Amino acid sequence: MDSQVLVALALSLLGGLSTSIGALFVVLSETPNLKTLGLLQGFAAGLMLSISFLDLAHNAINSIGFLKGNLWFFAGVIFFAVIANFIPEPKLAPVPHLEKNKKNGDERNKDIMKKHRRQVLFSGIITAVGISLHNFPEGMAVFLGSMKGLRVGLNLALAISLHNIPEGVAVALPIYFATKSKWQAFKLATLSGFAEPLGVIVVAYLFPSSLNPEILEGLLASVGGVMAFLTLHEMLPLAIEYSGQKRAVKAVFVGMAFMSASLYFLEMSLPSEVSL
């Protein structure tokens, strides 16, 4: 394997594994209560919306045109809307009558969490898939940046590392809440970061001959559509239900602002010849 590819792989691993740092913030804390979960789900929804609209769809429109970019984006929305139609809603078993009010309240709280656990787990898995596909072109950018020089590649990898930490939170949080397993949350968030070295391998060995850039941009726009649908259909309703409408909406905009700033500083770290 070429030494440049090895260097790019090492740098992309540095960036990709930073999702593990985000996961650590989740698994080292206590299991969130409903209100905290709602706020964090709102924050994660903001991250997802920002990636979907301001990164994936925006880049596709700039690369392949307004019409084609939107067609690919809404193809992703329709595709996932059809799939979501066949996914059964979680059923809540009847709750036996309990004598004590406090105990009743505790039991109802547990039943609410149980009712949504499958839904939250599903949103976490799709979030991991979406962020993995979002990380894929970042690996390509690391490879192209490292070809400009080690310093450029290293600076870019460090910028991507900081950018990926909240993405690790967005993946690990719903998995941890749904499964109560710190290991499962940490593992899935870490695996989502491995899309970056995969991007290096693809651009190094397949891009020149096999990968059509227009189709790649279109597929990434479709991923943006899937992420937008998931966020508005699954994550945002949960955030509003658990933390209230006003708090959830504020958390969404905080997440969007955070990811937008992260994308901006990441773009600024790229050499002019390289683009995400």
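**Entry 1: helices α1 and α8**

I looked up the handedness of the crossing of α1 and α8 in this predicted model. The crossing is right-handed.

I then looked up which residues make the contact. Helix α1 contributes Val5, Ala8, Leu9, Ser12, Leu13, Gly15 and Gly16. From α8 come Glu196, Pro197, Val200, Ile201, Ala204 and Tyr205. Sorted by class, the residues in this contact are nine nonpolar, three polar and one charged.

For the geometry, I noted that α1 covers residues 3–16 and α8 covers residues 195–205. The two helices pack at an angle of about 155°, and their axes are 7 Å apart. Helix α1 is therefore roughly antiparallel to α8, since angles over 145 degrees count as such.

**Entry 2: helix α2**

I asked how many of the 10 residues of helix α2 (residues 18–27) are buried. Seven are, so the helix is largely enclosed by the rest of the structure. I listed the buried residues as Ser18, Thr19, Ser20, Gly22, Ala23, Val26 and Val27.

**Entry 3: Thr190**

I located Thr190 in helix α7, which spans residues 182–193. Is Thr190 buried or exposed? I recorded a relative accessibility of 12%; Thr190 counts as buried because this value is under 20%.

I next followed the side chain of Thr190, which reaches the backbone oxygen of Phe186 at 2.8 Å. In an α-helix there are 3.6 residues a turn, so residues three or four places apart point the same way.

Finally, I set aside the neighbours of Thr190 within four places in sequence and found Thr190 in contact with Leu17, Thr19 and Ser20. Thr19 and Ser20 are among the buried residues of α2.

Conventions. Residues numbered from 1 in each chain as written. Predicted model: local features only at pLDDT ≥ 70, side-chain atom pairs only at ≥ 80, totals over all residues. Heavy atoms only, no water. Helix = DSSP H or I, 4+ residues; strand = E, 2+ residues; numbered from the N terminus. Buried < 20%, exposed > 50% of the residue type's maximum accessible area, 1.4 Å probe, protein only. Polar contact = N/O pair within 3.5 Å; in protein donor to acceptor, adjacent residues only side chain to side chain. Contact = heavy atoms within 4.5 Å. Axes fitted to C-alpha atoms, helices over the stretch in contact; angles between N-to-C directions. Parallel < 35°, antiparallel > 145°, perpendicular 65-115°, else oblique. Left-handed = near helix turned anticlockwise from the far one by under 90°. Nonpolar A, V, L, I, M, F, W, Y, C, P; charged D, E, K, R; others polar.
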